[in-house]
Amino acid sequence: MIDVLTAVLGAAALALAAWCGFAAYRDQPTKDWHFIGMAVVSLLAIVQLVIGVVRLSQGDDPEQGVAIFIAYLIGSALAVPIAAFMSLAERTRWGSATVAAAAVVLAVLEVRLYDIWGGVGG
Amino acid sequence: MAESAERERTGLGQGPGRLLVMLYGVFTVAAASRSIYQLIAQYDEAPLAYILSAVSAVVYAFITVSLVRGGEGARKAAMVCCGAELLGVLTVGTWTLVDPSAFPDQTVWSDYGMGYLFIPIFLPVTGLMWLRGSRREG
C-alpha cells in the first residue's frame, strides 16, 4: 500500500514539476489550476505521512531506521505547501519555477522513501 | 512576517532569488537534519564527514537568511558565504576523490555533490551570479 502511494506521489510530483515548469517557461505565474494541483499533491503527501505513522505504530520497521523514515515523511508533506506559499508571494514566472523545483525535490524524496522503507513488499 | 521587511530592502529574495531561497532552504534542512542525526546516532563512524555536514548546514542556513533579509550588508555576507561554499564543495569533492578513506560515510559535498544531483556545486555559482547582478538594481 505504502509502496504504491509512494510511486503515485512520485509520479504526481513529476507531473506537477513539468506543469509548473511549463508555466515558468511561458513566463506565467501560478494560476488557480496550479494551486489545485499543488493541493492534490500535498494531500497525497499528508495521507502518506498518516499511513506511514500508522504503519509504524502497528510495529512495522523501516529498513533504514524509524527516525530517517519520519524525517523524510515530514519533509515530503511540507515541500509543496511551502513552495505554494512562496509562489503566492512571487507572482512572476519565478514563482512557478519555485514550485517546479520543490516538486522535483519531492520526487527525489519519494525515491529515497521507497529505499528507506525497504523496497518491495512493504 | 518577513514580507514587510523584505519589501523595504533590496529584493534579494524576489524574482529568481525566490527560487534560490527555496533551494538553499531545502539544502539547509537536508544538511542539518542529516548531520544532527549522524552526529547523535553514529558519531564514531566518520566524525570528519559529519562535522563537515554540520558546517555546510550552517553555511546554507546563513545564505538562506541573508537572501530573505536582503540589503547591502546581507548581500555582501551572502557573497562571502557562497564563495566559502564553492571552496568547500571543490575542496571536499577533490578530497573525497583523492583520499576516500578519510570519508567512510557521505557528506553533502562528497564527489562534488554527486549524491545530490550536483546541485551543491551549481548552487554557489548561481548564487554568486545572482548576488553580483542584484547590486546594479539596488
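Biologist: Why is the crossing of helix 2 of chain B and helix 3 of chain B called left-handed?

Modeller: A crossing is left-handed if the near helix is turned anticlockwise from the far one by less than a right angle, and right-handed if clockwise; the crossing of helix 2 and helix 3 of chain B falls in the left-handed class. This is a predicted model, in which local features need pLDDT of at least 70 and side-chain atom pairs pLDDT 80 or more, while totals for chains, interfaces and linings use all residues. Residues are numbered from 1 along each chain as written, chains are lettered from A and ligands numbered from 1 in written order, and side-chain values use heavy atoms without hydrogens or water.

Biologist: What makes helix 2 of chain B roughly antiparallel to helix 3 of chain B?

Modeller: Their axes come within 8 Å and cross at roughly 150 degrees. Axes are lines fitted to C-alpha atoms over the stretch in contact, with angles from 0 to 180 degrees between N-to-C directions. Angles under 35 degrees count as roughly parallel, over 145 as roughly antiparallel, 65 to 115 as roughly perpendicular and the rest as oblique; therefore the pair in chain B is roughly antiparallel.

Biologist: Which residues of helix 2 and helix 3 of chain B make the contact?

Modeller: Contact means heavy atoms within 4.5 Å. Helix 2 of chain B contributes residues including B:Tyr24, B:Phe27 and B:Arg34, and helix 3 of chain B contributes, among them, B:Tyr50, B:Tyr60 and B:Leu67. The contact has 16 nonpolar, seven polar and one charged residues, where Ala, Val, Leu, Ile, Met, Phe, Trp, Tyr, Cys and Pro count as nonpolar, Asp, Glu, Lys and Arg as charged, and the others, Gly among them, as polar.

Biologist: At what angle do the axes of helix 2 and helix 4 of chain A cross?

Modeller: The axes of helix 2 (residues 32–57) and helix 4 (residues 93–117) of chain A cross at roughly 20 degrees and come within 13 Å. That value makes the two helices of chain A roughly parallel. Their crossing is left-handed. In this contact A:Met38, A:Val41, A:Gln48 and A:Arg55 of helix 2 meet A:Val99, A:Leu106, A:Glu110, A:Leu113 and A:Trp117 of helix 4. These divide into six nonpolar, one polar and two charged residues.

Biologist: How many cavities of 30 Å³ or more does the count come to?

Modeller: One. On a 1 Å grid over the protein atoms alone, a cavity is a set of points where a 1.4 Å probe fits but cannot get out, whereas a pocket is an open set with protein on both sides within 12 Å along at least five of seven lines, and lining residues have an atom within 4 Å of a point. The largest cavity has a volume of about 40 Å³, and its lining includes A:Gln48, A:Leu113 and A:Trp117.

Biologist: What volume has the largest pocket?

Modeller: The largest pocket has a volume of about 1,500 Å³. Among its 47 lining residues, B:Gly25, B:Val26, B:Phe27, B:Val29 and B:Ala30 are the closest to its centre. Helix 2 of chain B gives the largest share of that lining, 14 residues.

Biologist: Which residue in the loop between helix 4 and helix 5 of chain B deserves mention?

Modeller: B:Phe118 lies in that loop, and its phi is near 65 degrees, a positive value in a residue other than glycine. A:Asp27, also not a glycine, has a positive phi of about 65 degrees and sits in the loop between helix 1 and helix 2 of chain A.

Terms used. Helix = DSSP H or I, 4+ residues; strand = E, 2+ residues; numbered from the N terminus. Points joined across faces, edges and corners; volume = space filled by probe spheres on them.
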